[in-house]
Amino acid sequence: MAEAVVLHPSLRLVGRPLPRHDARDKVAAATAYAADWGMPGMLQATVLRSPYASARIVKLDTGRAAAMPGVAAVLTAKDVPRNTLATDVPGQTTAVGPLRATLHVLATERVRHQGEPVALVAAETLEQARAAAEAIEVQYEPLPGVFDPEAALAPGAPRVHEAGNLLAHWRIARGDSAAAFARAAVIVEGEYTTQFVDAAYLEPESGVAWIDSDGVITIRVSTQVIEHFRDVAEVLQIPQNRVRVIGPYLGGGFGGKEDVTVEVYLGLLALRTGRPVKMVWTRQESLLARAKRHPYRMRYRTGASASGEIVAEQIDLLADAGAYAYLSALVLLYSTVTAAGPYRVPAVEVEARCAYTNNPPTSAMRGFGAMQTVFAYESQMDRIGRALGLDPVEIRRMNALRRGDSLPVGQVLETHVAMPELAERVWAALGPVRPARAAHVKVGRGLACNLQPYGRIVWLHDWSSAWVGFEMDGSLVVRCGVPDVGGGQASSLCQIAAEVLGVGLEQVSVHIGDSALTPLAGTTTASRQLYMSGNAVLKAARELRAQLLAVAAPMLGVKDSALDLLEGAVVADGGRSLPVPDVLRRCAREGVPRSHLAVYHAPAGEPVDLATGSGKVFPDYTFGAHAAEVEIDMETGAVRLVKYVAAHDVGRAINPQSVEGQIQGGAVQGLGGGLLEEVILEEGINLTTSFASYLIPTAADVPDVEALVVESGEGLGPFNARGIGEPPIGPPAAAVANAIADATGVRLTRLPLTPERLARALGLLGKAG
Amino acid sequence: MMRLPPFTYLAPRTLHAAATALAEHGADAMPVAGGTDLFPNMKRRQFEPKVLVGLRGIRELTGIRGRGREGMTLGAGTTLSAVAAHPEIVAHYGALATAAGLVSSPQLRNMGTLGGNVCVDTRCNYYNQSHEWRKAIGFCMKKDGDICLVAPGSSRCWAVSSSDTAPVLWSLGARVRLVGASGERVVPLEALYRDDGIQYLTKQPGELVADIVLPPADGWTSAYLKLRRRGSFDFPVLGVAVALRMDGDRVGEARIVLGAVASQPRPAPDAAAALAGERLTPELITRVADLAAGPSKPLDNTDFTHPYRKKMTRVFVARALRALAGLPGGGRAAEEVA
Ligand SMILES: Cc1cc2nc3c(=O)[nH]c(=O)nc-3n(C[C@H](O)[C@H](O)[C@H](O)COP(=O)(O)OP(=O)(O)OC[C@H]3O[C@@H](n4cnc5c(N)ncnc54)[C@H](O)[C@@H]3O)c2cc1C
Ligand code: SF4
């Protein structure tokens, strides 16, 4: 579906929908995932978790468990050299101040959420480990808990942490919104709520750790961040160069493997026992206690002129951070920055807070706070359009951001903003309206647009490094510490290197995700990996190409600018050529390196004062528009998706197949969150700990997602690519809610959009309902 | 991964041998057919039999015999896929083919059997959880505990009958042949059930369901509608089975049985009686649907709240009747995914 924007007419591989090397391996079951690893003498480990959402640990006795058959180690918090990990979050308002967001490796005197890890056991067999974990004697004294962020911030609420329940608070105040509202012809107010959502990856958290022959603690783990070797070292209180993390191909991450999971526990147990140790969380464990997506309560007040220009917006966001900070403060920052959506709003006030509760912790998940807000701002746009009689495309066209405009935080958009055209395209792609198939069925259409940052916050000074080198036979090696979460990260790097260095894709080997042996590339999060590491590989490949051509030029008696690398040869004008291996031998003789290590630094900046709107927060943004057609059963409230189209400006599609995969997967995951998925909690107790109750969409529940890959040719990544990992998860819920409103006139403001909620809103359940 | 507890597996070749083995091991033993219900339940420690008597190797238990005209006999070991695809069943006992074809997912229908579906365990949000979870929350009386977490203070368990085929078989007037070590008996299918979430079957633990016997289909038509969240996988949150025999343009006889609204399939006799001798007019259909919703008293221990499920009972009964009457608005004949 790639647009015919020809940027580099001579590209051979970049821009082609090439099959990925890892896809075949996965289908053939040849990929060795973290849990597929085994070693001689390996122990099996398990975690004992808290049954209570809020309790004091009165007694913790591991004596009986430690003496059980096969048990090699039982660890509690007192066995952990440093039990607290911390992330620094600068900025924020004076109410909170700079934050050291912390989490505990194992619970000390208190447990703050159901499923909080309390103790670790390693034993010869998994059954022995589990039996021993059950034999650990823990006495809890239940404490009052708080399970809702609003209640958590009320005076006198039980404190989840001693310092109080307000974890983070961001504020933006731009323009004179009071005056602007006074001028508004229409004002639309809405309150929107989103739910706890699980990453629900195929591959649960898992890994194996061992002490290698060099004494280095080596952990082969399913992670999005191999740099967690530093956290492991800190917890174990050993030097960082004594820990190595190997990140094999993942069966999905979606942010859920951005924080540490099993690696710290494995490190502790390997260090204690001196033996290889394996830990694989069960699906139930993963669903029970792993960090979820933040539920939000979002209050929006939007004012527009009679012709439809948005003049002012007042936004109040409140998120549930769960029991530990993790990345909540940063997730909230993303929400704050994107709260007004891809629209020009001259006067904006945003108040964003998140509070500790005794619910499971919440942290990164695909979209990272920039996706909950889409549901709110796109519902508001639709309502304003309806109030003024403007169609969904028109109201967005009137208000869309353009290049040169600035976001409410003051960041100026420096690259192309594909906004109105994306909306126009998806809307047109829905095609002619189909009539309803029965009297009790109504058909409706909805549109939703979004913006999603790609790349990390500029004050984090992000960088990535990669090594590209030729072997003597002309084959190519790429080394780059990226974790490949399933998005085709590794394969896209190969495509870039092969493109620049004139070899076939099959001649490239790629080594990824090893903190000891591959140059560090940073996290596979924040839609940053192709952007950052793609740039690093591009830079390394270009340098290497220059090195090679400089050596080849005198061999061919021409200037190096007259040379090209094609099909394993250096080619000069007029058809003369030299096989690359010949040039490599000359390099060896002349002492010219046959490899290059490059570091790519993202545009950097200092923390901005959000409140005064002083500048750049993210490197750049990816824009998108989705359109849905739904059928509503007016007697049951059932929503059936009939057609779904999703368009994103990806700048340049390095591999359109992978890009389409991201768009389709993201849209389906977003539809799951929009219509079905919900972690159900009763007083902190999780009722949805299996896939029979945590409902992810099946193939029968979603239509084919038509992905429109739009290439503006502008973006900060290699060949002008933009990040596409997260953006497609943003719009689906809003697109469907808008389609429901179009069909029925009823607006749902709470996710998921269940048939029961719609039936109630339609009045089918009467007053009593 | 959750693991099975240890057990001994016996593989008898005849019904008699199976019944004898069950009698011999008493309360320690359970039969297993496809295992699609029992094995996951064992992983959650909802059942911990020391001995499993496997039924898959028993020839007598499989096979579909007879024709719609004279009635049919379905071996309890017949897979749900085979039931759903059998042309004679599709033609004459349409609701049964529909219900069997709507159970869970294609993979589970290839393993799961009709006998297992008729005996499938009752369900509840507080019970269909891992052992660790139930232990943490406090066990309920259905297994290992002595209270009900849904209705504290209740002396009984309200877990929900969640079979798709049971309400249909009931509405079709099916009977079951039960075989025990000391003999066999044939009982109406409805006599197999009782309204208790724990002891939901009346048969002796040692008795096996050998056959499901369907009466002649002459003149009967039937429909089944299922309420569930997704297009696959999910247990019914409501099942509506309607069977009708028409006398010219009037209803001769009718049966309406609801699934997933109580601990056993729940008939709606008043609604069925209101149909007898009448023309299927839209007005009658509305009245019958209202009557049928009466016996639907779901508790909030599965998906969706009870007001919604009750309301849907009305909608689904009306739709099933419209579908059988050939009126518009029958919904999707097979299924309601809501
Ligand atoms: C994810 C999932 C979804 C499901 N969805 C549905 C659904 O939508 N609808 C539905 O109805 N079911 C559903 N089920 C349950 C189950 O798959 C079916 O009910 C299936 O028909 C059970 O048949 P089986 O042969 O596998 O039974 P088994 O698991 O072998 O046995 C079930 C019970 O019946 C007993 N039993 C089996 N055969 C006999 C016999 N001949 N005589 C006496 N007792 C016997 C066993 O002892 C056991 O107690 C689902 C299960 C899963 C795991
Ligand atoms: S209804 Fe009550 S007793 Fe029965 S399974 Fe549910 S919680 Fe347990």
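Please keep in mind throughout that the model is predicted.

I begin with the sheet in chain A. It is open and consists of 7 strands, with mixed pairing. Reading across, the order is β3-β7-β1-β14-β11-β12-β13. The edges are formed by β3, residues 71–75, and β13, residues 243–246, each of which pairs on one side only. From one strand to the next, the twist averages 20°.

Two helices of chain A deserve mention here. Helix α6, residues 229–236, packs on the sheet and touches β12, residues 217–221, and β13. The direction of α6 makes about 140° with that of β13(A). Helix α7, residues 263–273, also packs on the sheet; its contacts are with β1, β3, β7, β11, β12, β13 and β14 of chain A. For α7, the angle is given against β12(A), and is about 145°.

I turn now to the domains. In the domain assignment of chain A, domain 1 comprises 34–143 together with 205–280, while domain 2 covers 463–601. Their centres, taken over C-alpha atoms, are separated by 38 Å. The contact between them draws 18 residues from domain 1 of chain A and 14 residues from domain 2 of chain A.

Which element gives the most to the domain 1 side of this contact? The answer is β13(A), with 3 residues. By class, the domain 1 side has 8 nonpolar, 7 polar and 3 charged residues.

Next, the interface between the chains. Here, 27 residues of chain A are in contact with 26 residues of chain B. On the chain A side, the largest share is 3 residues, and it comes from helix α18 of chain A, residues 755–761. The chain A side divides by class into 16 nonpolar, 8 polar and 3 charged residues.

Finally, I come to ligand 2. How many residues surround this ligand? There are 14, and the closest are C124(B), Y127(B), C140(B), C148(B) and C157(B). The shell around ligand 2 is made up of 11 nonpolar residues, 2 polar residues and 1 charged residue.

Methods:
Residues are numbered from 1 along each chain as its sequence is written. Chains are lettered from A and ligands numbered from 1 in the order in which they are written. This is a predicted model: local features need pLDDT of at least 70, side-chain atom pairs count only at pLDDT 80 or more; totals for chains, interfaces and linings use all residues. Two strands pair if DSSP finds at least two bridges between them. Helices (H or I, at least four residues) and strands (E, at least two) are DSSP runs, numbered from the N terminus. Axes are lines fitted to C-alpha atoms, for helices over the stretch in contact, and angles run from 0 to 180 degrees between N-to-C directions. Two residues are in contact if their C-beta atoms, placed from the backbone, lie within 7 Å. A residue is near a molecule or strand if its C-beta atom, placed from the backbone, lies within 6 Å of it. Ala, Val, Leu, Ile, Met, Phe, Trp, Tyr, Cys and Pro count as nonpolar, Asp, Glu, Lys and Arg as charged, and the others, Gly among them, as polar. Domain bounds come from an automatic or database domain assignment.
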